[in-house]
Every structure is written in structure tokens, then in C-alpha cells.
Amino acid sequence: MGVVHRAKPAMAMVAVEFVFSALQIFIKLALDDGMDVRVLVAYRLMFATAFLCPLAFLLERKKRPPLTMKVVLGLFLCGLFGIAINQNLLVLAMKLTNSTTIVTALSNLTPQSTFIVAILTRQEMVKLGKASGRAKLAGTLVGLGGAMLVTFYRGPEIGFMHRLALTAGGLRDAHAQHGGGGGHAGTTTTAARIVGSFLAITSCFSYAIWLSIQAKVGEVFPCHYSIAALVCLSGAVQSALLALCFRRDSPHWRLGLDVRLYSSAYAGVVASGLAFPLMSWCLRKRGPLYVAMFGPLIIVFVAVLSSIFLDETLHLGIVLGAVLIVAGLYMVLWGKAREAQEKEAAAAAPAPVRAVPVPTDEELGKESTAPPAAAAANGETK
């Protein structure tokens with residue numbers, strides 16, 4: 001029982017990464033079915049809001065502090081940067097690159113982009129004199145180099161991953177009969193792939209800004225379910241308004257018992273409503289570094305699932321770039337862990353002892369020959 005209990009956070013994080021991997025497949029299937037990017041994001045957030053709001057009300061109704069204008073503004077910005085901008089950029093990047101693997105690999109640049117945002121906002125300084133600072137800077141450069149490799153270098157196809165698609169040919173044929181095309185729904189040009197890759201990188205910076213804002217909101221409004229519900233509500237309103245600016249005709253918004261409904265419901269209820277609370281539980285148990293260590297798993301899961309269910313081809317450039325991104329990720333994580341150790345060691349170090357001057361023989365002689373009046377005055381003062 002002890003081993004199983006200790007392994008629960010690891011099993012939970014593997015499950016979370018698999019849920020997010022399946023989410024990429026569902027989103028790609030909906031896009032291949034012709035669903036609009038903005039409508040898909042809006043429906044995802046609507047489902048997430050409908051699921052999280054009752055949950056937050058039941059679990060946190062007695063301990064939720066009052067909403068202030070500062071908190072409302074913070075939640076609005078969280079919905080804007082962390083949900084509306086981030087999700088629309090990611091889904092649009094997936095449509096332009098026509099590849100879930102490229103977008104997933106580039107999304108692992110979040111720690112590096114967070115480090116860059118912290119430097120630009122002067123929340124953090126580059127301390128090259130310490131190992132932690134050098135590791136974070138090197139990890140950021142290595143990760144960005146991997147992103148450039150994924151963006152600009154395609155390379156030869158890796159054949160053994162493509163053969164996995166033979167095991168799921170029936171599923172793709174069935175999906176094609178319903179209007180989808182699997183991995184063959186469309187081709188992408190080099191220009192579209194480059195633009196999509198840069199959109200995915202930009203979404204990481206949007207996510208990093210959201211992390212910075214939400215950390216401050218969480219300090220004054222410490223209710224995780226309520227924050228998630230209100231952020232999804234804010235993002236849903238913003239995304240719906242954005243979608244209505246481009247798609248006002250009912251056919252784009254109509255949902256039937258098809259892949260569009262399944263993708264929206266899975267993204268909102270399972271990925272946002274269930275996986276995020278589970279990840280929050282792991283954060284409380286083991287901390288942010290432990291959770292971030294499992295991030296690269298999603299690249300492996302998506303590469304396998306997309307080869308099976310979407311018939312996507314995996315190229316050498318994606319693999320090499322993903323390896324560099326993951327290496328940079330772990331370098332940044334190591335630097336953060338080392339920095340935390342340095343801060344703990346500095347806090348635990350004893351305060352420096354101030355040197356007390358030792359009186360000389362001359363000073364001792366003067367004190368011993370002090371006049372009686374001065375000695376009496378000193379005694380009255382005490």
C-alpha cells in the first residue's frame with residue numbers, strides 16, 4: 001500500500017498528460033471535419049464553464065472571499081491571455097501546420113518563455129555568476145534552438161512511426177465517411193507551417209503572462225476551483241465574441257452527435273474540468289517542478305496517437321527539435337531547483353556576528369579614574 005500511495009502523484013500526472021494528448025487528437029479531428037477554430041475554442045470554454053461553476057460553488061462557497069475590482073480585473077486578464085489568446089493561437093497553429101506533433105513539441109517552451117517574460121518585466125535577473133542562472137539561460141537558448149529546428153527543418157520521414165497507422169485504418173475510414181479526412185484532410189505549405197510554428201511559440205509567451213498574473217490573483221483569492229471557473233467564464237465570453245465577429249451563420253455553430261460535439265465536450269469537461277483539478281492536486285502534493293517534469297510525456301503520446309489515428313508522418317526535424325526543447329526544459333527546471341536550494345541555504349545561514357570592540361588598557365585606566373560626581377551621575381541615570 002505504501003508504494004501505491006507514493007506512486008499516486010506519478011500515476012495522476014501520467015493520466016493528465018494522456019488526457020491532454022487525446023485532446024490534441026480530438027481538436028485535430030474537429031478541424032479536419034471543417035469546424036471553425038474560434039467556434040471550437042468558444043464551445044470548449046462554454047463546456048468547461050458549465051462543468052466548473054457548479055463544482056466551484058459547492059466546494060468553495062463557505063471559504064470564498066469577496067470579489068474585488070482588482071481580482072475581477074486579474075481574472076479578466078487571465079481569461080484573455082491564458083484562455084482566449086492562448087487557445088486560439090494554439091488551435092490556429094495546429095490548423096496551419098496540419099500537425100499535432102509540431103504544436104505539442106513547441107508548447108513545451110513554456111518554462112523558457114516564462115523565464116524570458118520574467119526578465120523583460122524585471123521580476124528576475126540573469127545571474128551568470130551562479131550555476132542556476134547559467135543553467136536557465138542555457139536551457140532557454142537550447143529550447144529556442146530546438147523550436148527553430150522544428151520550424152525550419154523538416155528532414156526525412158521516420159517510417160516506423162508511420163506504419164503504426166495500419167492498426168487503425170478502419171477508424172480513419174469511418175471518420176472520412178462522416179466528412180473528416182484524418183491526416184489527409186489537407187496539406188500545408190512551408191510558409192503556413194512556419195507561420196503556424198511561430199503562432200505556437202507566441203502562445204507560450206501568452207501562457208507565461210497568464211502564469212504571472214494568476215500567481216498574483218491566487219495570493220488574494222486562494223480558491224482554485226473558483227479561479228478556474230471564473231477564468232473559463234471570462235475566456236468563454238471573450239472567445240464567443242471573437243467567434244461571432246467572424247462566424248455568425250448558424251451552420252458553423254450547430255452541434256450534432258458527431259466529432260464536433262465530442263471534441264468540444266471532451267475538451268471542456270474532461271481536459272479542463274477533470275484534468276486541471278487533478279493537476280492542481282499534484283501541485284499541492286509535490287510542487288510545480290515535479291509536475292513540469294512530466295510535460296515531455298505529451299510529445300511521446302501525441303506522436304504515437306497522431307500516427308495511429310491521424311496518419312500523420314513524423315519527420316527527423318520534429319524529433320531532433322523536440323529533443324532539444326525537452327533538454328532545454330530540464331535544464332531550466334534544474335536551474336530553478338538549484339536556485340530554490342540556494343535561497344534555502346541563504347535563509348538558513350546564521351546571521352553574521354558583529355565584532356565587539358575590546359577596550360584598550362588606556363580606556364580601562366580612564367574608567368577606573370573617573371571622578372566621583374560622574375560616577376554618581378551615571379548611577380542616577382540608570
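The side chains of Arg38 and Asp36 form a salt bridge with an N to O distance of 3.2 Å, a salt bridge being a side-chain nitrogen of Lys or Arg within 4 Å of a carboxyl oxygen of Asp or Glu. This is a predicted model, in which local features need pLDDT of at least 70 and side-chain atom pairs count only at pLDDT 80 or more, while totals for chains, interfaces and linings use all residues. Residues are numbered from 1 along each chain as its sequence is written, and side-chain values use heavy atoms, with hydrogens and water left out.

Asp36 also meets Arg247 in a salt bridge, at 3.1 Å from N to O. That pair links distant parts of the chain, 211 residues apart: Arg247 lies in the loop between α10 and α11 (250-253), and Asp36 in the loop between α1 and α2. Asp36 counts as buried because its relative accessibility is 5%, whereas Arg247, at 29%, counts as partly exposed; buried means under 20% relative accessible area, exposed over 50%, and partly exposed in between (1.4 Å probe, protein chains only).

The structure holds 5 salt bridges. Another of them pairs the side chains of Arg260 and Asp33 at 3.2 Å, N to O. Here the partners are 227 residues apart, with Arg260 in helix α12 (residues 259-286) and Asp33 in the loop between α1 and α2 (37-60). Both Arg260 and Asp33 are buried.

The protein chain as a whole has 17 helices and 0 strands, assigned as DSSP runs numbered from the N terminus (helices H or I, at least four residues; strands E, at least two). Buried residues make up 43% of its 382 residues. The largest nonpolar core has 67 residues, of which Phe20, Leu106 and Val217 touch the most other members; such a core is a set of buried Ala, Val, Leu, Ile, Met, Phe, Trp, Tyr and Cys residues joined through side-chain atoms within 4.5 Å. Helix α1 (residues 2-32) gives the largest share of this core, 10 residues. Beyond its neighbours within four places in sequence, Val217 is in contact (heavy atoms within 4.5 Å) with Val71, Gly74, Leu75, Cys78 and Ile227.

A search of the whole structure finds 0 disulfides, a disulfide being a pair of cysteine sulfur atoms within 2.5 Å. The sulfur of Cys232 is 8.2 Å from the closest cysteine sulfur, in Cys53, which is too far for a bond. Cys232 is buried, at 7% relative accessible area, whereas Cys53 is partly exposed, at 30%.
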